[in-house]
Amino acid sequence: MDTRLLQTFMALARTGSFTAAAAELHVVQSTVTSHIKALEGELDVRLFDRLPQGARLTDAGRRVATHARDLLDVERRLHDAAGSGGTIAGEVVIGSTESLCAYLLPQVISALATTHPDIQVHLKPLSTANALQGLGRPEGGLDIALLLDDVATEYAARTIGGQAIELVAAAGHPAAGGHHDWQDLAAHQYFLLEEGCSYTDRFLRDLTAASATRPRITRFGSIEAARSCVAAGLGLSVLPRLAVVDQLANGSLCRVNGPELAETPLRLVTNQRRWASPAVTTTAEAIAQAGRQCR
């Protein structure tokens, strides 16, 4: 079997889009279509449902994905064994939260491009839940998940650092001065990340438990959106320090003097049931080194 067909199959399973799969593989869309048709013909089974919103794995496709991933791992092992002692090369897919994709991982990828130019790193901004699912599902396509979260997981997770969580407001906001207890803080408007973000959810639980006043909350899926609303003086937010360090330095945001917020662990997660290529191992160590320096 031509493993290029399996590579195309897994790319389409990950992205759910013929166009996105073609872009990921650096081929034209018709190549993706022909590869999938060829694989379906060889296996004599329909692997995807073609829907208006994209391509979705059939039950047979999900079964095939498990074995396709195993076969591709074996192929990577063969290539690595043949090139033992030579250049470390290969693709590595990292799933991580928006803040880490924007403020930590680019520096890691830049450094790897200098020290290991044949490693190609792909970033996928994902929620914690989706990143963990991406590690577990054959079609998920993730080699590494980097989480700013303390959620329990069945996978191999190691804490490589931590990140301070800052309660922030615009410099002219009423909360910018003085010291505030939970009761004071509950009177303000908040712009928080979506439910499922551990440090946001923890703050909201503490805020709600300590006050009879129901806080006014607007949820966003984007740190940039929450931070912009706060910078405009519309309310407060809790964000990782790495996402607001520049704004704190230039004075567009300031720390709110209130209850101490616990540091959130930075964790590197891999699926121990899958073989990790030298490229994955090298990338994971580069991330771990950067994480130890990130506070």
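A: What follows describes the sheet, then its helices, and then the pockets.

This is a predicted model, and the sheet in it is an open one of three strands, arranged in the order β10-β7-β11 with antiparallel pairing. As a general point, the strands of a sheet pair through backbone hydrogen bonds, in either a parallel or an antiparallel way. In this sheet the edge strands are β10, residues 237-240, and β11, residues 253-255, each of which pairs on one side only. If you look along the sheet, neighbouring strands are turned against each other by 50 degrees on average, with direction ignored.

The pairing of β7 with β11 can be followed residue by residue. Strand β7 covers residues 165-170, and three bridges join β7 to β11, the two strands running antiparallel. A170 has L253 of β11 as its bridge partner.

Helices also belong to this picture. Helix α9, residues 198-209, packs on the sheet and touches β7 and β10, and the direction of α9 makes about 150 degrees with that of β10. Helix α10, which spans residues 223-231, lies across β7, β10 and β11, and α10 runs at about 130 degrees to β10.

The largest pocket has a volume of about 610 Å³, and 25 residues line it, with Q7, R14, L72, R76 and E91 the closest to its centre. Helix α1 (3-15), helix α2, helix α4 (59-82) and strand β3 (90-96) each supply at least two residues of this lining, and α4 gives the largest share, seven residues.

Helix α5 (98-103) and helix α7 (128-136) each supply at least two residues of the lining of the second largest pocket, which divides into nine nonpolar, seven polar and four charged residues.

Terms used
Residues are numbered from 1 along each chain as its sequence is written. This is a predicted model: local features need pLDDT of at least 70, side-chain atom pairs count only at pLDDT 80 or more; totals for chains, interfaces and linings use all residues. Side-chain values use heavy atoms; hydrogens and water are left out. Two strands pair if DSSP finds at least two bridges between them. Helices (H or I, at least four residues) and strands (E, at least two) are DSSP runs, numbered from the N terminus. Axes are lines fitted to C-alpha atoms, for helices over the stretch in contact, and angles run from 0 to 180 degrees between N-to-C directions. Contact means heavy atoms within 4.5 Å. On a 1 Å grid over the protein atoms alone, a cavity is a set of points where a 1.4 Å probe fits but cannot get out, and a pocket is an open set with protein on both sides within 12 Å along at least five of seven lines; lining residues have an atom within 4 Å of a point. Grid points are joined across faces, edges and corners, and a volume is the space filled by probe spheres set on the points. Ala, Val, Leu, Ile, Met, Phe, Trp, Tyr, Cys and Pro count as nonpolar, Asp, Glu, Lys and Arg as charged, and the others, Gly among them, as polar.
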